[in-house]
Amino acid sequence: MLPTTASKGRGAARSAPPLFGPYLRRIVKWQQMDIEYTFWQMVHLCTSPKVVYQHTKYHKQTKNQWARDDPAFIVILILFLVFATSAYCAAFGESAPHAALTIISVVFVHFLFAGLVLATLCWFLTNSYLREEPNSHVVEQRVEWLYAFDVHCNSFFPAFVILYVLQYFLSPLLIAHGFLPALLSNLLFMVAISYYHYLNFLGYDVLPFLDRTTFFLYPIGLVIILSPLMILVGFNPTRYFLSLYFRLK
């Protein structure tokens, strides 16, 4: 099982709150989810993300853990993914079996599997290389794996708004052949991916026991370098990714 609490090293806390048990049990108890606060977070992740992570500090002070104890954010995000993917399938006239497979692929591969991999990678990097060395009078702290997954979900939501919702309405233009569709598509992907990594940075920068968190901003530079090259060669990411699932003209 993936670690979620501090290890029992020198100065580490003797125990920590179990995260996964209560978290998973609340998934099937809709009445216990704070839906209003979840929508507040989603809006502010797109407009004022630093405010969301300021509330993360308050959560740590009151609940003694950085990770959410409410699965509402993930549940609602998955529902949004299902609705958005269904809209794409309807727009491109796919059959019901094909639509079901596409929805399963988007939810379980694009979001959950990719999120598990990215969260585990960030969890490993932060705990192994970015933690400040505690002195003998300070309790050792480690990044909770579930918090790393929370950071991924937070970062994923604005990318979802750009690459699933906004791209859906712009898709008649973006999937066309030519320089302008390729330009707009690359700009859309550049903004979405860059903002994802910026939110990833904010999520780890708020942790007081981490150092050198600007590491998470480095991929933005790579995206900015690669995007003009993709435009020059005429690569259209919207057309490419949609063609993996739908028959484009």
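The end C-alpha atoms of residues 173-196 lie 24 Å apart, and this span is 83% helix and 0% strand. Helices (H or I, at least four residues) and strands (E, at least two) are DSSP runs, numbered from the N terminus. The model is predicted: local features need pLDDT of at least 70, side-chain atom pairs count only at pLDDT 80 or more, and totals for chains, interfaces and linings use all residues. Residues are numbered from 1 along each chain as its sequence is written, and side-chain values use heavy atoms, with hydrogens and water left out.

The unreviewed UniProt entry lists residues 72-92, 99-126, 146-166, 173-196 and 216-235 under "transmembrane region". Such annotations, given here in the numbering of the model and with shortened feature names, may be inferred rather than shown by experiment. Over residues 99-126, the chain is 100% helix and 0% strand. The end C-alpha atoms of residues 99-126 are 38 Å apart.

Helix H8 covers residues 218-232. Its buried residues (under 20% relative accessible area, 1.4 Å probe, protein chains only) include Ile220, Val223, Ser227 and Ile231. An α-helix has 3.6 residues a turn, so residues three or four places apart point the same way. The buried residues of H8 pack against helix H7 (179-205). Contacts (heavy atoms within 4.5 Å) involve Phe179, Ala182, Leu183, Asn186, Met190, Ile193, Ser194, His197 and Tyr198 in H7. Their partners in H8 are Pro219, Ile220, Val223, Ile224, Ser227, Met230 and Ile231. The two helices, H7 and H8, pack at an angle of about 175°, with axes 10 Å apart. Axes are lines fitted to C-alpha atoms, for helices over the stretch in contact, and angles run from 0 to 180 degrees between N-to-C directions. H7 and H8 are therefore roughly antiparallel (over 145 degrees). Gly234 follows H8 and has a positive phi, near 80°.

Aromatic rings were also examined. Rings of Phe, Tyr and Trp (its six-membered ring) pair if their centres lie within 6.5 Å. The count comes to 26 aromatic pairs. Phe80 and Phe160 form a stacked pair (planes under 30 degrees apart). Their centres are 6.2 Å apart, with 5° between the planes. This pair links distant parts of the chain: Phe80 lies in helix H4 (residues 72-91) and Phe160 in helix H6 (residues 145-174), 80 residues apart. Phe160 is buried, at 4% relative accessible area. Phe80 counts as partly exposed, at 25%; that class runs between the buried limit of 20% and the exposed limit of 50%.

Ring pairs join Phe39, Phe73, Phe80, Phe111, Trp145, Phe149, Phe156, Phe157, Phe160 and Tyr164 into a cluster. The charged end of Arg68 sits over the ring of Phe73, 4.2 Å from its centre. For Arg, this requires CZ within 6 Å of the ring centre and within 35 degrees of the ring normal.

Note on methods: Phe/Tyr/Trp six-rings, centres within 6.5 Å; stacked < 30°, edge-to-face > 60°. Parallel < 35°, antiparallel > 145°, perpendicular 65-115°, else oblique.
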